Amino acid sequence: MATASSTLAVFFPTKTKTTITRPHSHSHSHPLTIKASSNSTNPPLQGRKLRAAVIGGGPAGSSAAEALASGGIETFLFERNPPTTAKPCGGAIPLCMLEEFNIPSHLIDRHVTRMRIFSPSNLSVDFGKTLRPNEFIAMLRREALDSFLRSRAESLGAKLVSGLVTNLQLPESSTSPYVVHYTSDNFRHSLPVDVVVGADGANSRVARSIHAGTYACAIAFQERIKLPDHKMEYYNDLAEMYVGNDVSPDFYAWVFPKCDHVAVGTGTVCAKQNIKLFQKGIRERVKHKISGGKVIKVEAHPIPEHPRPIRVRGRVALVGDAAGYVTKCSGEGIYFAAKSGRMCGEAIVKASEGGDRMVNEDDLKREYLRVWDRKYVTTFRFLDLLQRVFYGSNAAREALVELCDDEYVQRMTFESYLYKKLADGDRLQDVKMVWNTIGSLIKCNMVGSK
């Protein structure tokens, strides 16, 4: 979760009059309603619907597949091993995602209403004093969420393919197909498609196939630890974050509660080779809280640090981790993965008029990429700035924790994080917050020493 956040909402007009609406529901998802009237010059498809392959069945891929299938696209969702696929992830999602993506309550392991952040010197601040009675941070397990989203996409018409995509063969012309090569049940298969959505993570094969460029990756390492009942009770509604060079030189470590265990982990970009040393550091910080616990699972996975240089090329679009949609400072990725997948899927539905026309690169850039950038680029840049200011040294981290004790900072943070919209601030309080920030940095020997 971010220590500060902001979002930018925009309205992006296009030449097409196609509109897409999705009725809200707390328990299940509904098909898209499409009203198509477009100026598209793309050729209509004769006797068939547009065919799409979504590579990767996490939140990004499943959300894309759901939007595509609901909108009339013939959709194939590829996932390597759906029943056991999971990644090391804190598993925190914002409150708005529960309604926006119709996440059922039974998937939520814990309703976190208390956050505690610890400085390098182990001073702690309760970060969550401004939460309202009905507000909380939902904690869930990725394997449970991912399985649910895949099943929902499949129920709405997406064809789930359990197989490993080995190669994406590029087309010879603007209308000839992409060919997805994959292995399933020890046999090699191929599938021609019109458009591809790459949702296959930080090490995306789809991104490599279209030469989308590279980016810096963090490594996340996490242990799931089953605690005795009396110690698990301590974490009933509490999540903890730890900062300091002992747990990460450029990120934070966490203890997040799940159904019957806690997730204890850390991450780093600049010192990936020392990740186990930093994991030892967080275990040392919380040893009295987790003593007697049993490690039930160990996980490690690369996490992108910024968007890829190219996220759309030809009739291929990247979403989620494959596109690099993980925020700095907070490390948040689940919401932005699902959101980018849905936006991309709906963009393809819109540009193809419900699957009746071919799409091209300009369509994907106009309907998906530009809309995404205008909506979220400010958030990503702002959190990048916060990470560079506050995660660079132990002195800066001490200042960060001191600032987190301010109730105005907390309110602005949670308003932005929980609802993914720009919080309504107070100009006088904003000025005060800036001066308090400068004062904390001076007190912690940051300003004037650099």
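Reader: At what angle do helix α1 and helix α9 pack, and how far apart are their axes?

Author: Two packed helices are described by the angle between their axes and the distance between the axes. Here, in a predicted model, α1 (residues 59–70) and α9 (residues 334–351) pack at about 25 degrees with axes 7 Å apart. That makes α1 roughly parallel to α9, a label for angles under 35 degrees. Axes are lines fitted to C-alpha atoms over the stretch in contact, and angles run from 0 to 180 degrees between N-to-C directions. Helices are DSSP runs of H or I with at least four residues, numbered from the N terminus.

Reader: Which residues of α1 and α9 meet?

Author: Contact means heavy atoms within 4.5 Å. On the α1 side, the residues include Pro59, Ala60 and Leu68; among those they meet in α9 are Ile334, Gly341 and Val349. The contact divides into 10 nonpolar, three polar and three charged residues; Gly counts as polar, Ala and Pro as nonpolar, Glu and Arg as charged.

Reader: Is Ser340 buried or exposed?

Author: Buried means under 20% relative accessible area, and exposed over 50% (1.4 Å probe, protein chains only). Ser340, in helix α9, is buried at 0%. Leaving aside neighbours within four places in sequence, Ser340 is in contact with Val319, Gly320, Tyr325, Tyr368 and Trp372. A polar atom of the Ser340 side chain lies 3.0 Å from the backbone nitrogen of Gly320.

Reader: What conventions apply?

Author: Residues are numbered from 1 along each chain as its sequence is written, and side-chain values use heavy atoms, without hydrogens and water. In this predicted model, local features need pLDDT of at least 70 and side-chain atom pairs 80 or more, while totals for chains, interfaces and linings use all residues.

Definitions and conventions:
Helices (H or I, at least four residues) and strands (E, at least two) are DSSP runs, numbered from the N terminus. Angles under 35 degrees count as roughly parallel, over 145 as roughly antiparallel, 65 to 115 as roughly perpendicular and the rest as oblique. A polar contact is a pair of N or O atoms within 3.5 Å; within protein, one must be able to donate a hydrogen and the other to accept it, and residues adjacent in sequence count only if both atoms are side-chain atoms.
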